[in-house]
Amino acid sequence: MKLVIIGTGFVGVTSSAVYASFGHQVYGVDVDEGKIASLSRGEVPFYEPKLAPLLQSGLSSGNLHFTTSYREAIEGAHIVIFAVGTPSREDGSIDLQYLETSLKQAADYLQPQTIVAIKSTVLPGTLDLVKKIVSERCPHQLHYASLPEFLKEGSAVDDTLYPDRVVIGVEDDFTYRLLEQLHAPLKAPLLRVSPASAQLAKYASNDYLALRIVYANVISEICHHAGADIDEVLAIMGSEKRIGSHYWYPGLGYGGSCFPKDVKALAAYTKQFLSDSENLFAFINGLNNKRPLQVLNKLEQTMGGFHGKKIAVLGLSFKPNTDDQREAPALFIIPYLLEHGAVVTSYDPMVKAIASETIGSQPNYRQLPSIAEAVAGADAIIALIEWQEIISFDFSSVKEAKKQYLFDVRNQLIPEKIKLAGFYYLGNGRYSK
Ligand code: UDX
């Protein structure tokens, strides 16, 4: 089969490499020439574990190609998959400009019976717009599908190779059969549904996970007032089969490229038919936005303010195993600390430079090449992201004349061990420890 993936972000590159590993001829397309050149050399322009070797084996087998030419990629293709970004607009609604532009560029080369599949996260109803844009430029009979992705950054390859399910939103048997054949090597349950169900299910899944995180954080806040321990409360709740113990460790709220955007998108979409007081998604978004300050204020109070204090922030990405800083808590925390008079050092295993000129150029901010250097002389250490290197760091090796605070934002450290190492330990909702 000849496949085309338009958009070489982490979804597009991972999908291209995985489909190529099934023996298909896959063409990844992007307008960014630099990105295409580096992908063609086998270099992934972002950090994603396991992706580079898969990409390189696709290129050397001759199954995987990257190009900026829509014509070269699309001529003779059976399936064209759109995996371009759909970022948030100011009002939270999704911006379809990249999808619209790429559809217009592709339409001229589509041949009769090609399947146009949308992997980008889009709302129900978008397929009508897709058909309109394409049919204005392409006279042929085509097929349309919605193919939402559920992969996580940091484990994108495994999530694509071993998915919980593959959702195929189609309107006819021909399209389903070809997409079924494409995904057969995955040996995952294939769910055949309507395009609207597929599109909504993607948002509903992500927003439910976001809700779980917000819920855990609200309970963590209650623990603070109740003198309870969030880990104990979540362990008890999680042992209930209907709830399950996965996916709700407390923290500073969810970040990244999907949850914030997808919650805001449903908040904006449902505004059309839900009143403000019924808009659960707007409420989730609001609670998540308040979370970092809620947590930071506790550290501020405990330390008697940040002015003149030296604070080390460990972890600049939005979560471990990625160098993605979109909606990363560090981008809120560090400016807050600086504005309140702190001197900030930081460390991250993968992020080379903080994604903010304003922070990066401040005289009171420095990113250092190791944990040991970042924490030296600090009054407080904020273990912000649960990178393995950070949570397995031997804090007892830090020898300071003054007793330092260690704020374990994700409750990944063992409080007794940290206290024995000579620190004041502060967890998140771990108030009995
Ligand atoms: C998410 C979805 O999981 C994925 O299905 C979708 O396709 C893309 O968006 P991703 O953003 O890569 O994936 O990361 P994920 O691991 O889901 O984490 C999202 C955010 O939630 C991170 O900020 C993470 O730190 C936070 N989180 C996650 C918590 O705060 N607590 C948790 O228990 C889990």
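This is a predicted model: local features need pLDDT of at least 70, side-chain atom pairs count only at pLDDT 80 or more; totals for chains, interfaces and linings use all residues.

Student: What volume does the largest pocket have?

Tutor: About 1200 Å³.

Student: And how does its lining split by class?

Tutor: You get 23 nonpolar, 14 polar and 11 charged residues in the lining of the largest pocket.

Student: OK, now the ligand. Where is it?

Tutor: The ligand takes up the space of the largest pocket.

Student: Which residues come nearest to the ligand?

Tutor: There are 18 residues around the ligand, and the nearest are Glu-153, Tyr-247, Tyr-249, Gly-255 and Cys-258. Tyr-247 also turns up among the residues that lie nearest the centre of the largest pocket.

Student: Which helix gives the most to the shell around the ligand?

Tutor: Helix α9, residues 195–226, with three residues. Helix α9 also gives the most to the lining of the largest pocket.

Student: What's the class make-up of that shell?

Tutor: Around the ligand there are 10 nonpolar, two polar and six charged residues.

Student: What about side-chain contacts to the ligand's oxygens? Start with Lys-202: how far is its polar side-chain atom from a ligand oxygen?

Tutor: For Lys-202, that distance is 2.9 Å. In the side chain of Glu-149, an N or O atom is 3.2 Å from a ligand oxygen. Asn-206 has a side-chain N or O atom 3.5 Å from an oxygen of the ligand.

Student: How much of the ligand's accessible area does the protein cover?

Tutor: On its own the ligand has 660 Å² of accessible area, and the protein covers 96% of that.

Student: Switching topic: what's the volume of the second largest pocket?

Tutor: About 1000 Å³. It has 41 lining residues, and Gly-9, Val-84, Gly-85, Thr-86 and Arg-326 are the closest to its centre.

Student: Which elements give two or more residues there?

Tutor: For the second largest pocket, they are α1, α5 (97–107) and α11 (259–270). Here α5 gives the most, with four residues.

Student: Which residues line the largest cavity?

Tutor: Ile-118, Lys-119, Ser-120, Thr-121, Val-122, Ser-146, Pro-148, Gln-199 and Lys-202. By class, that lining has three nonpolar, four polar and two charged residues. Lys-202 is on this list, and it also has that polar side-chain atom 2.9 Å from a ligand oxygen.

Student: And the second largest cavity: what lines that?

Tutor: That one is lined by Ala-383, Ile-385, Glu-386, Ile-391, Asp-408, Arg-410, Gln-412 and Leu-413. They split into four nonpolar, one polar and three charged residues.

Methods. Residues are numbered from 1 along each chain as its sequence is written. Side-chain values use heavy atoms; hydrogens and water are left out. A residue is near a molecule or strand if one of its heavy atoms lies within 4 Å of it. A polar contact is a pair of N or O atoms within 3.5 Å; within protein, one must be able to donate a hydrogen and the other to accept it, and residues adjacent in sequence count only if both atoms are side-chain atoms. Accessible areas come from the Shrake-Rupley method with a 1.4 Å probe; for residues, only the protein chains shown count as cover. On a 1 Å grid over the protein atoms alone, a cavity is a set of points where a 1.4 Å probe fits but cannot get out, and a pocket is an open set with protein on both sides within 12 Å along at least five of seven lines; lining residues have an atom within 4 Å of a point. A molecule sits in a cavity or pocket if more than half of its atoms lie within 2 Å of its grid points. Ala, Val, Leu, Ile, Met, Phe, Trp, Tyr, Cys and Pro count as nonpolar, Asp, Glu, Lys and Arg as charged, and the others, Gly among them, as polar. Grid points are joined across faces, edges and corners, and a volume is the space filled by probe spheres set on the points.
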